[in-house]
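Colleague: Please take me through this model feature by feature, with the general idea ahead of each case.

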Amino acid sequence: MSHADSAAAPDGLQRLQKVLAAAGLGSRRACEELIAAGRVTVDGREAQLGDRADPRVSVVHVDGLRVVTDDRMVHLALNKPRGVLSAMSDDRGRRTLAQYVPGDVTRLFHVGRLDADSEGLLLLTNDGDLAHRLMHPSYEVAKTYLAQVPGPVPPAVGRRLRDGVQLEDGPAAVDRFRVVSTDRGRALVEVVLHEGRNRIVRRMLAEVGHPVERLIRTRIGSVALGDLRPGVTRPLSREELGGLYGAVEAGAR
């Protein structure tokens with residue numbers, strides 16, 4: 001291997017297959033095959049063998065999904081425990097997200113604010129542009145919640161939530177609603193919406209007569225909470241990241 005290939009050029013450009021391999025797409029040989037098959041684009045143009053890219057600024061897609069090539073970027077999923085503020089610091093000494101962030105990571109944005117009493121999926125990233133787009137309702141990235149409420153929940157409740165209810169800060173509607181289970185005067189319901197207003201799920205369910213007793217967010221776009229334990233973080237997979245970037249790219253069109 002030549003010295004020129006073993007390190008980035010002064011302008012930041014590297015062989016595209018090296019950039020792809022470093023991003024976890026396989027060996028350099030396998031990445032060459034992806035390029036030759038026409039499955040890779042760089043900055044909107046179909047890549048060719050021999051192309052170079054700057055991993056820190058080039059926009060790379062494989063099979064239509066964005067690939068994060070900048071090794072400075074951090075993307076984590078966190079299962080936020082109940083009683084923790086969705087903030088990195090608090091002047092009143094309350095528990096915050098900072099205690100769950102790796103010590104060598106600084107300036108993370110949290111995506112999808114949860115009130116202290118709610119729990120479940122938060123995304124943590126130092127990609128400010130992605131964080132902004134994921135939080136903006138115009139990009140319509142869906143979020144899924146499980147809520148425990150007083151039951152039973154009649155079918156009319158779901159219809160009313162889908163049609164929209166009037167809150168003090170304007171109308172709000174869910175994308176989808178279903179009753180998961182009912183037992184002993186309590187019901188578990190699933191709510192899907194792309195709104196991000198403060199305490200929106202709690203306020204909507206209270207408005208239809210079923211105040212929330214427990215609220216867990218289980219999904220943001222392509223990222224599912226799964227079996228991630230409370231207080232634990234994990235890196236997002238390449239597929240999850242591709243799905244998130246795809247969602248905000250679609251919303252921008």
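**Strands, burial and domains**

Colleague: Which residue of β9 stands opposite Leu 78?

Modeller: Leu 122 in β9 is the residue that faces Leu 78. This is a predicted model, in which local features need pLDDT of at least 70, side-chain atom pairs count only at pLDDT 80 or more, and totals for chains, interfaces and linings use all residues. Residues are numbered from 1 along each chain as its sequence is written, and side-chain values use heavy atoms, without hydrogens and water.

Colleague: How many bridges join β7 to β9?

Modeller: Two strands pair if DSSP finds at least two bridges between them. Strands (E, at least two residues) and helices (H or I, at least four) are DSSP runs, numbered from the N terminus. Here six bridges join β7 (residues 75-80) to β9, and the two run antiparallel.

Colleague: Which other strands pair with β9?

Modeller: Strand β8 (residues 109-111) is joined to β9 by three bridges, again antiparallel, with His 110 opposite Leu 124. Strand β15 (residues 214-220) pairs with β9 in the parallel sense over two bridges, and Gly 120 has Arg 217 of β15 as its bridge partner.

Colleague: How many residues of β9 are buried?

Modeller: Buried means under 20% relative accessible area, exposed over 50%, and partly exposed in between (1.4 Å probe, protein chains only). In a regular strand the side chains alternate between the two faces of the sheet. In β9 (residues 119-125), seven of the seven residues are buried, so the strand is largely enclosed by the rest of the structure.

Colleague: Which residues of helix α4 are buried?

Modeller: In α4 (residues 128-135), they are Leu 130, Ala 131 and Leu 134. These residues lie on the same side of α4, because they cover an arc of only 100 degrees around the axis, the arc being that of the directions from the helix axis to the C-beta atoms.

Colleague: Which residue caps the N-terminal end of α4?

Modeller: A polar contact is a pair of N or O atoms within 3.5 Å; within protein, one must be able to donate a hydrogen and the other to accept it, and residues adjacent in sequence count only if both atoms are side-chain atoms. Asp 127 is the cap, with a side-chain oxygen 3.3 Å from the backbone nitrogen of Asp 129.

Colleague: Is Ser 86 buried or exposed?

Modeller: Ser 86 counts as buried, at 2% relative accessibility. Its place is in the loop between β7 and β8, and the side chain of Ser 86 reaches the backbone oxygen of Leu 114 at 2.6 Å. Beyond its neighbours within four places in sequence, the residues in contact with Ser 86 (heavy atoms within 4.5 Å) include His 110 and Leu 122. Arg 92 is found in the loop between β7 and β8 as well, but counts as exposed at 63%.

Colleague: What area do domain 2 and domain 3 bury between them?

Modeller: The size of an interface is often given as the accessible area lost when the parts come together. Such buried area uses a 1.4 Å probe and is summed over both parts. An automatic or database assignment sets the domain bounds: domain 1 (14-67), domain 2 (75-138 + 222-251) and domain 3 (142-220). Domain 2 contributes 20 residues and domain 3 contributes 13 residues to their contact. The two bury about 1,400 Å², 44% of it on carbon and sulfur atoms, and their centres, taken over C-alpha atoms, are 22 Å apart.
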